[in-house]
Amino acid sequence: RNASNSIESPGSGAVGASREPVPVVALHWPIGRWKPQADRAGPVDPLIVTDTGGRERALTGQTVLVTGGAGFIGSHLCERLLERGHRVVAIDDLSTGSRQNLTGAMTSPHFEFIQGNVLDESITHGLVAAVDTVFHLAASVGVMRIMDFPVETIVNNVRGTQVVLEAAVAGKQKVFVTSTSEVHTAPTLVN
């Protein structure tokens, strides 16, 4: 960070030759628990994560990046993280998200919004380097958009995820990767 409290991105360039695995965690909110609630002792904390080794821990007092933060789910996640005492940085290109979704989060001094695209490597690498954990929700969404722009969709979703993961490998940040509902299709009857 510089004196004006803005995040400086390191120059763009190749990520180091070391190809360490990115620590990926499973979030217990709102879906996708690795353990059924009945198997957990006591109340379920919606911001408990399970790492790849099966160890549970709470996210507390971290600086968190939410990609796709102005989307429906991303904006709600931002608010929940702020309620839990985290500093939250959200990035969104507003192609399908909206600043209106962030009205609640914008009132917090612990929230920062960056209008940008995760495909911009210099911005993404700079943001990931400045946080402890990344929740990657940025994706092209909407059935018509996906059908009308299939190549753009693949580039945004696949390459965008690659940029986030490469940045996380470089800084060893933990990443929670989500998917889009557009990976599903209508069932086809086979006779």
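Before you start, know that the model is predicted: local features need pLDDT of at least 70, side-chain atom pairs count only at pLDDT 80 or more, and totals for chains, interfaces and linings use all residues. Residues are numbered from 1 along each chain as its sequence is written, and side-chain values use heavy atoms, with hydrogens and water left out.

Begin with the sheet: 5 strands, open, parallel, in the order β6-β5-β4-β7-β8. Strands here are DSSP E runs of at least two residues, helices H or I runs of at least four, numbered from the N terminus; two strands pair if DSSP finds at least two bridges between them. Now select 111-115 (β6) and 174-177 (β8): these are the edges, each with a single partner strand, so one side of each has no neighbour in the sheet.

Next, pick β4 (63-67) and β7 (133-136), which pair in parallel over 4 bridges. Click V66 and you'll find its bridge partner in β7, F135.

Angles run from 0 to 180 degrees between N-to-C directions, with axes fitted to C-alpha atoms, for helices over the stretch in contact. Then show helix α3 (121-129), lying across β4, β5, β6 and β7 at about 165° to β5.

Last stop: M144, in helix α4 (143-148). M144 counts as exposed because its relative accessibility is 53%, and exposed means over 50% (buried is under 20%, partly exposed in between; 1.4 Å probe, protein chains only).

Methods. Contact = heavy atoms within 4.5 Å.
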